[in-house]
Amino acid sequence: MAKDLLTIGNSSISSRLFLGTGKIPLPKMKQVIEAAGTQVVTVALRRVDFDQREENILDFIPDGTIVMPNTSGARTAAEAIRLAHIARAGGCGDWVKIEVISDQKYLLPDNYETLKATEQLVKDGFTVLPYMSPDLMVAKSLEAVGAAAVMPLGAPIGTNRGLKLKELINIIIEECHVPVIVDAGIGRPSHAAEAMEMGASAVLLNTAIATADDAVAMARAFRLAVESGRLAYLAGMGGETSYARASSPLTGFLD
Amino acid sequence: MVCVKVNGRQEKVPENCTIKQLLSQKELDASYVVVQLNFEIIERSLLSETILNEGDQLEILKFLGGG
């Protein structure tokens, strides 16, 4: 079988598990990334806290990993654009995850501001992956302005509730040409496998691994689930029926 | 001394203090941070020649874990 690569921007990657690095202790970071087999990780950008000596997270991310800064903290397109430019100056390359949120209870993305930020940042030469509420017309608009992928949420960030918005994500997978990456809400390996079976191009998760009792083992569990779901999608799953269909031959029975 | 705002806090720095000197005084490695001065990104190579002036607003940012 030909190598099953995912192309985003100018990069071709073999791992379809993208990993958020939040809440993962730095000494464990490398081990978790390696167990997940991930090639794309997200990081956030914040003010330096002068009262606390902190190490540099980039020192704990294996060489060759694509580092995708997010624009978390941005409430408007303008703030997201500002953060993206600062992140690029930080030397992580051109990838950026657009995250524009002003709803603090459910942390749902503001699709309108996200679209505005995406349009501008594509013009500025970024590889833009917007986090979005799964709305087909917005996904198509993001695609039209040059988003490298769209990243609909399965359930609100950090809830581990799985693919609550499955029907809407399915429509986006069916109708969009850019890769669809399910971001947020994936809590269990079975959720990740389900997303991949549906035909998602990848999944992005953080909390489910970071808060597991054994984050390294959970990273491996997710890696296997993503590979399994992807393989099942490529293999082409059998259809469902209402009534039983015998698997064994219905002839040649004993008298 | 001149008054500048660093990450939202008022601070006093000596006359002709460069951003690089301020980072050193705070024991920050310039290669770990990104600096914005009055909403303009300052390239790392220019940190040692950029002098802080009265009323400047400085943002010093870094990467950390995030989803």
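Trainee: In the hairpin of β1(B) and β2(B), which residue takes a positive phi?
Mentor: Keep in mind that this is a predicted model. The hairpin has two residues between its strands. The one with a positive phi, near 50 degrees, is N7(B).

Trainee: And how many bridges pair those two strands, β1 and β2 of chain B?
Mentor: β1 covers residues 2-6 of chain B and β2 covers residues 9-13. One of the facing pairs is V2(B) opposite V13(B). The strands pair in the antiparallel sense, and the number of bridges is five.

Trainee: Zooming out, in what order do the elements of chain B run from the N terminus?
Mentor: Chain B has one helix and five strands. Going along from the N terminus, the order is β-β-α-β-β-β.

Trainee: What radius of gyration does chain B have, next to that of a compact globule?
Mentor: Its C-alpha atoms fill a box of roughly 40 × 25 × 20 Å along the principal axes. For 67 residues, the globule rule puts the radius near 11 Å. Chain B agrees with that, so the value to note is 12 Å.

Trainee: Now the contact between the chains: which element of chain A gives the most to the side that touches chain B?
Mentor: The contact takes 25 residues from chain A and 17 residues from chain B. On the chain A side, the elements giving two or more residues are β4 (40-47) and α2 (77-89). That side has twelve nonpolar, ten polar and three charged residues. With six residues, the top contributor is β4(A).

Trainee: Which strand of chain B do the bridges join to β4(A)?
Mentor: There are five bridges, and the two strands run antiparallel. One of the pairs is A44(A) with L64(B). The partner strand covers residues 57-65 of chain B, and that's β5(B).

Trainee: What radius of gyration does chain A have?
Mentor: Chain A comes to eight helices and ten strands, and its C-alpha trace spans about 85 × 40 × 40 Å along the principal axes. A compact globule of 255 residues would come out near 18 Å.

Trainee: Last one: what percentage of the residues in chain A is buried?
Mentor: A residue counts as buried if 20 or more other C-beta atoms lie within 10 Å of its own. On that basis, chain B has 28% of its 67 residues buried. For the 255 residues of chain A, the figure is 45%.

How values were computed: Residues numbered from 1 in each chain as written. Chains lettered and ligands numbered in written order. Predicted model: local features only at pLDDT ≥ 70, side-chain atom pairs only at ≥ 80, totals over all residues. Pairing = 2+ DSSP bridges. Helix = DSSP H or I, 4+ residues; strand = E, 2+ residues; numbered from the N terminus. Rg over C-alpha atoms; globule rule 2.2 N^0.38 Å. Buried ≥ 20, exposed ≤ 12 C-beta atoms within 10 Å, placed from the backbone. Contact = placed C-beta atoms within 7 Å. Nonpolar A, V, L, I, M, F, W, Y, C, P; charged D, E, K, R; others polar.
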